[in-house]
Amino acid sequence: MALKITITDAGRAEITNAENTGTAPVTITHIALGAAGYTPDPAQVALQSEVKRVSSIAGEVVADDTISVTAKDEGSDTYTVREFGLITEHGTLFAVYAQTDPIIEKASPSTLLLTIDVILADLDASSLTFGDISFSNPPASKSVAGVVRFADQAEVNAGTVTNKAITPKTLAERTATDSRTGVIKIASQAEANAGSNLTRALTPGRARVANDARYLRRQQNLADLVNKSQARDNLGLSETATTGMMTTPTDSTIGLLVRIVSEEGFFGLGSTRSPAVDDCNSIPANGFYRLHGSTANAWTGQSSGDGLIQWSWDSTVRHQIGVARTNNGQLWYRSSYNGTFSPWQQAASSSTTITAGDGLTGGGDLTTDRTIRMGRPSSLNGGTENSANGWTHTHFIDTTISRTNSSSTTLLAAAAMNNHRTSGDHDDRYTQPGQYGWGTAYSGYSDPMTGGWGQSSFNALEVPSGIYYAHEVVGGRPNGHMTEADSGTLLHRQIGHTGMQLFLSRYPQFSNRLFFRSRTSGEYHEWARALAVTGTGRPFSVGNINYIDETGLYRIDGSTLNVPSGIGSGAILLHVCWADEGASSAASQLVLGYTSGRLLQRARNSSGEWTSWSEYVPDTRFINSGSGLTGGGNLSADRTLSVDSSVVRTSRTISAGAGLTGGGNLNGNRQIAMGTPGTLSKSSSNSVFSTGHTHAINIEGFFTGGNQSLGGTGFQILPGGLIWQWGSINSGVVDDVSVSFPIRFPNNVRDVVVTHNGTQASFYGAHSQSASGFTSRRHGTGGHVASWIAIGN
């Protein structure tokens with residue numbers, strides 16, 4: 001298969017100059033071989049990882065846009081080729097090709113012989129020439145001698161392969177059929193006369209002889225009838241046809257034949273102008289007819305001069321085909337059964353074209369089956385719209401979609417529970433809003449979320465189950481694991497004299513810390529920290545190895561920050577803390593590469609400063625002194641390499657600055673690239689470091705602005721679509737008060753809670769809830785004074 005190569009900008013400029021100035025075609029003198037796999041770029045001036053440049057090449061032009069190039073390397077080098085480039089006599093990278101899978105691999109004792117057919121997308125292949133070496137093996141074509149494969153019998157019979165040769169034997173065995181061409185035998189005269197053989201060809205001469213013996217000849221005008229008397233009897237003419245005395249036919253068959261013969265054009269036969277019809281539904285007999293401008297029951301758009309053919313299977317079934325005189329000869333058809341015609345249907349022309357509209361691809365004329373496909377979708381972002389353009393399309397992203405919940409079952413269940421709670425037939429399974437941390441938006445210090453229930457110790461047996469805010473409370477948080485200023489959320493479950501607690505820190509620097517403990521026989525166990533794993537038993541990944549604060553085994557991913565250069569995804573990191581826990585404690589780190597097997601080590605002092613990475617290598621590794629050098633040896637001891645004065649040094653380097661990677665000395669082409677971006681969080685900033693960078697994120701913007709109104713009657717829209725609304729009621733002595741929400745819930749109201757806010761002994765409930773409001777119902781005496789809160793999406 002020919003490879004579609006990328007012509008570089010430099011190569012295109014060189015061949016364009018040669019064509020415009022009339023100079024000789026560009027000469028390809030070398031092929032560069034490399035190990036990198038990637039997508040080629042026309043702006044390239046060199047391979048990304050060149051390993052060998054071969055001058056033993058040959059090439060031929062095998063088509064207007066295709067060349068066949070052969071490269072040979074008889075050296076002892078060992079390498080894998082994933083990229084190659086064509087080099088001109090001026091050292092220009094004329095064209096480049098690359099792929100991720102190996103193209104060819106060379107072992108030390110072998111000879112590399114690589115023949116490649118290359119397609120030049122929009123250049124004339126004759127603009128290229130090659131060196132004088134001629135060992136090319138191009139593919140054979142109509143104009144170039146070369147290598148070709150023989151087609152097997154199945155391929156010869158199929159007749160679709162275009163790049164294989166046919167042998168006389170396979171050609172002889174390809175016999176002609178109704179659906180394909182091929183070799184066929186000539187029928188003998190006896191076979192032609194018999195007319196029963198279906199596998200032989202008939203020559204014109206033998207066909208004439210056979211037809212003369214079988215059929216009447218037009219030029220004879222019935223004179224060649226063998227038995228004329230019998231023919232007259234068969235036609236029902238009897239003796240009348242020979243006397244010329246018949247004036248009034250009495251036999252209907254004879255009369256019809258006389259009319260056909262005497263009235264040329266009857267039913268449209270033998271006439272240059274077919275008879276006209278007034279109504280397509282009332283044509284009496286089979287034949288050829290002509291329509292005029294007012295013919296009834298014709299097809300849409302019918303005009304004067306259009307033609308119609310009718311034929312019948314029996315007295316119940318009729319078929320009609322109409323041909324338009326204009327409109328490019330449109331063809332129409334219909335059928336009838338028991339006098340009822342189906343609607344006219346237009347037959348599509350093979351030249352009719354199905355065109356793919358915006359967002360679609362495919363189509364074409366109807367000379368064969370066609371397919372309309374949806375084009376490749378474009379990437380979506382916050383600014384895309386519902387649009388189709390060209391062969392692609394985009395969508396508008398509705399950021400409120402997560403607020404939608406079409407389930408009415410949940411609302412009905414919640415309403416039923418609230419009605420039972422507010423009735424006189426409820427039990428102590430229902431808590432008041434705010435009690436033990438349920439049904440509130442935030443917590444109070446040292447208390448359950450709201451409700452005024454104080455608590456000085458979470459080690460006591462009588463603490464009820466609930467959600468608490470733990471801050472400087474005995475047993476409220478795992479002291480010794482955090483700073484004294486830390487606080488967080490405590491989930492407590494009371495089960496008699498047993499229980500369990502989960503604690504989650506509220507500070508960003510400890511946001512990944514989750515602690516747990518349980519109680520048996522009235523005594524709590526020590527707090528323990530939960531460590532995350534991936535679920536497969538592997539160590540969990542870490543985002544930045546500079547800020548690990550606990551001894552453990554960690555996994556490095558592609559986005560992990562501050563990893564040693566050259567250590568990729570899958571590496572294992574051992575972190576050991578030598579003093580107190582924390583991101584600035586004295587510690588050591590050991591990294592083992594996943595594929596490379598490299599082993600590196602560094603340490604951090606109590607001030608939080610990391611040393612540079614040191615890499616360990618086996619003492620069996622050997623340093624060889626190359627050309628122009630002396631010294632070397634294995635690494636069981638220090639070694640020295642000395643450079644001869646005759647060697648030209650290439651030690652000058654291009655270094656990648658902060659946020660970048662790449663560079664190196666000048667003994668080859670180098671590349672500077674942007675490093676891996678760092679993981680973003682709400683505490684990240686606009687900064688550049690080492691081989692990466694981060695950006696600041698304005699999280700406050702997700703909550704403020706149009707997302708909130710914090711007055712006495714107000715609302716707060718949370719990310720993800722959840723909405724809180726609140727307000728108060730102060731009306732006269734009325735039982736029902738209609739309340740409108742500050743904003744309409746886009747989808748559903750989930751719950752509304754109304755609480756007493758006055759001095760009268762009343763309690764309240766909410767009913768008739770909708771997305772825009774509810775009705776507050778008072779149960780008691782006095783004024784209707786209450787506060788309410790609603791949640792929905």
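Strands β50 and β55 (residues 784-792) run antiparallel and are joined by nine bridges. Strands here are DSSP runs of E with at least two residues, helices are runs of H or I with at least four, and both are numbered from the N terminus; two strands count as paired if DSSP finds at least two bridges between them. To find your way into this pairing, pick out Asn730, whose bridge partner in β55 is Val785. This is a predicted model, in which local features need pLDDT of at least 70 and side-chain atom pairs count only at pLDDT 80 or more, while totals for chains, interfaces and linings use all residues. Residues are numbered from 1 along each chain as its sequence is written, and side-chain values use heavy atoms, leaving out hydrogens and water.

Strand β50 (residues 723-731) also pairs with β49 (residues 714-717), again in the antiparallel sense, over four bridges. Here Ile717 has Ile723 of β50 as its bridge partner. The hairpin that these two strands form has five residues between the strands, and Gly720 takes a positive phi near 100° in it.

Let's move to another sheet. Six strands make up an open sheet with mixed pairing, in the order β33-β34-β35-β36-β37-β38. Because β33 (541-544) and β38 (614-616) stand at the edges with a single partner strand each, one side of each is left without a neighbour in the sheet. From one strand to the next the twist averages 35°, where axes are lines fitted to C-alpha atoms (for helices, over the stretch in contact) and angles run from 0 to 180 degrees between N-to-C directions. Within this order, β36 (residues 587-592) and β37 (residues 599-604) run antiparallel and share six bridges, with Gln589 facing Arg602 of β37 as its bridge partner.

Strand β34 (residues 552-561) holds Arg555. This arginine has 12% relative accessibility, so Arg555 counts as buried (under 20% relative accessible area; exposed is over 50%, partly exposed in between, with a 1.4 Å probe and protein chains only). Its side chain makes a polar contact with the side chain of Asp557 at 2.7 Å. Such a contact is a pair of N or O atoms within 3.5 Å; within protein, one must be able to donate a hydrogen and the other to accept it, and residues adjacent in sequence count only if both atoms are side-chain atoms.

Finally, visit Thr8, in the loop between β2 (6-7) and α1 (9-21). With 0% relative accessibility, Thr8 counts as buried. The side chain of Thr8 reaches the backbone oxygen of Leu93 at 2.5 Å, and a polar atom of that side chain lies 3.0 Å from the backbone nitrogen of Gly11.
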